[in-house]
Amino acid sequence: REGYSAVAGVVKSPRQEKRPDSFFFGEYYEVSGCQSACAREPNCRAFTWFSLRANKRFAKHCYGRGGSGELTLQAETAAVSGWKGPCEGASGGAGATT
């Protein structure tokens, strides 16, 4: 979902991860690479990719969310997020970004 972050408040500095709750998957030029990185990680439940419009410290970064707690999205202009599995009430498969 464009304009939302699944890692707001969890990832506080660039390249930060705290497995199994948060993952840093590297830098990608497109959201599809980030989505694929989350799909390959068994414990990833959602992903967030920061576009080139993001703060330069986070631009192109890809993060994943894991853990067993509730996942929420927060508005963030330069972020694109999605769920690893199908969203409730949405069509589509792994990584659906609706």
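Predicted model: local features only at pLDDT ≥ 70, side-chain atom pairs only at ≥ 80, totals over all residues.
Five strands make up an open sheet. The order across it is β1-β5-β3-β4-β2. The pairing is antiparallel. Now look at the edges. β1, residues 2-5, and β2, residues 22-27, each have a single partner strand, so one side of each has no neighbour in the sheet. From one strand to the next, the twist averages 40 degrees. A quick reminder on how this works in general. Strands of a sheet pair through backbone hydrogen bonds, and they can be parallel or antiparallel.

Take one pairing in detail. Strand β3 covers residues 46-50, and strand β5 covers residues 74-83. They run antiparallel, and five bridges join them. Opposite F47 stands G82 in β5.

Next, the helix. Helix α1 spans residues 31-40. It lies across β2, β3, β4 and β5. Relative to β3, α1 runs at about 150 degrees.

Now the cores. The largest nonpolar core has 10 residues. Here is the list: F23, F25, C34, A37, C38, C44, F47, W49, C62 and V80. Who supplies them? β2, α1 and β3 each give at least two residues of this core. The most comes from α1, with three residues.

Pick out C62 from that core. What does C62 touch, leaving aside its neighbours within four places in sequence? The contacts are F23, F24, F25, G26, Y28, C34, A37 and T48. There is another core, apart from the largest one. That other core has nine residues, among them V11, F24, Y63 and A79.

What else surrounds F24? Its place is in strand β2. Not counting residues up to four places away in sequence, F24 touches R15, Q16, E17, R19, H61, C62 and Y63. V11 is 13 residues from F24 in sequence. In space, C-alpha to C-alpha, F24 and V11 are 9.1 Å apart.

On to the rings. The structure holds five aromatic pairs. One of them is F24 with Y63. Their ring centres are 5.3 Å apart and their planes meet at 50 degrees, so this pair is tilted. It links distant parts of the chain, with F24 in strand β2 and Y63 in strand β4, 39 residues apart.

Y63 also pairs with F50. How are the rings of F50 and Y63 arranged? That pair is edge-to-face, at 6.0 Å centre to centre with 80 degrees between the planes. F50 lies in strand β3 and Y63 in strand β4, so the pair ties together parts that are 13 residues apart in sequence. F50 is buried too, like Y63.

Ring pairs link F24, F50, F58 and Y63 into a cluster.

One last stop, at the start of the chain. Where is the charged end of R1? It sits over the ring of Y4, 4.2 Å from the ring's centre.

That is the tour. Thank you.

Definitions and conventions
Residues numbered from 1 in each chain as written. Heavy atoms only, no water. Pairing = 2+ DSSP bridges. Helix = DSSP H or I, 4+ residues; strand = E, 2+ residues; numbered from the N terminus. Axes fitted to C-alpha atoms, helices over the stretch in contact; angles between N-to-C directions. Contact = heavy atoms within 4.5 Å. Core = buried A, V, L, I, M, F, W, Y, C linked by side-chain atoms within 4.5 Å. Buried < 20%, exposed > 50% of the residue type's maximum accessible area, 1.4 Å probe, protein only. Phe/Tyr/Trp six-rings, centres within 6.5 Å; stacked < 30°, edge-to-face > 60°. Lys NZ or Arg CZ within 6 Å of the ring centre and 35° of its normal.
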